[in-house]
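User: Hello! I would like to learn how to read a structure like this one, step by step. Could you walk me through it?

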Amino acid sequence: MHDHAAEHSGSACGHADHESVLDRAERLCRERDLQFTRLRRDVLGAVAGQARPMGAYDIAERLSGSGKRVAAVSVYRALDFLTEHGLVHRIASRNAFVSCGHDHGERDGLLFLICRSCGGIDEMTSPAIESQLGRAVAEAGFTPTSRIIEVEGECGACRERGGPPGH
């Protein structure tokens, strides 16, 4: 099982630090001849700067300053671009987004371990799970468009503390 949290320090959830996420995004967009607009950069920066997943309305509020209002629909467009290019991932059960600071294959299955106590999220890939999932969907005659698995439970740090933070 490949654990990105073991490779990257920085923010909680096992994601790379804010600057490396933005550097990776700039490099990727340059290599693919994509527009990395100011809004896309700002949205990615807002998500990368948080240890927990962020929803589009939270991002819009964070980016809106005095006299400047960022519309949620604009944030959603930026998130669509960032998701399409593997720079953020959508956590469906939270309707929120986390940044991704690592390169993994476009067709790699992702496993998100979501802590119910602290809200932390670790991103992993697992060839063993991917292989089993591949066999299961093939047997069902199903063609997946996404291979993201979310598992809720309690992280090791919360388990060691004996429950939710503050207990």
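Analyst: Happy to. Let's start with burial: of the 167 residues of the chain, 37% count as buried. Please keep in mind that this is a predicted model.

User: How many helices and strands are there, and in what order do they run?

Analyst: The chain has seven helices and six strands. Starting at the N terminus, the order is β-α-α-α-α-α-β-β-β-β-α-β-α.

User: What share of the contacts with a separation of 6 or more comes from residues 24 or more positions apart?

Analyst: Such pairs account for 54% of those contacts.

User: How should I read the packing of helix 4 and helix 5: what is the angle, and what is the handedness of the crossing?

Analyst: Look at the angle and the axis distance together. Helix 4 and helix 5 pack at about 110°, and their axes are 9 Å apart. The range for roughly perpendicular is 65 to 115 degrees, so helix 4 and helix 5 are roughly perpendicular to each other. Their crossing is right-handed.

User: Which residues meet there?

Analyst: Helix 4 brings Ala56, Tyr57, Ile59 and Ala60, which meet Ala72, Val75, Tyr76 and Leu79 of helix 5. By type, the residues of this contact are eight nonpolar, no polar and no charged.

User: Let me try a single residue. Is Phe97 buried or exposed?

Analyst: Compare its relative accessibility with the cut-off: buried means under 20%. Phe97 has 6%, so Phe97 counts as buried. Phe97 is found in strand 3 (residues 96–99).

User: And what is Phe97 in contact with, beyond its neighbours within four places in sequence?

Analyst: Its partners are Val47, Pro53, Met54, Leu79, Thr83, Val88, His89 and Arg90. One of them, Val88, has its own list beyond four places in sequence, including Leu44, Leu82, Ser99 and Cys100.

How values were computed. Residues numbered from 1 in each chain as written. Predicted model: local features only at pLDDT ≥ 70, side-chain atom pairs only at ≥ 80, totals over all residues. Heavy atoms only, no water. Contact = heavy atoms within 4.5 Å. Axes fitted to C-alpha atoms, helices over the stretch in contact; angles between N-to-C directions. Helix = DSSP H or I, 4+ residues; strand = E, 2+ residues; numbered from the N terminus. Parallel < 35°, antiparallel > 145°, perpendicular 65-115°, else oblique. Left-handed = near helix turned anticlockwise from the far one by under 90°. Nonpolar A, V, L, I, M, F, W, Y, C, P; charged D, E, K, R; others polar. Buried < 20%, exposed > 50% of the residue type's maximum accessible area, 1.4 Å probe, protein only.
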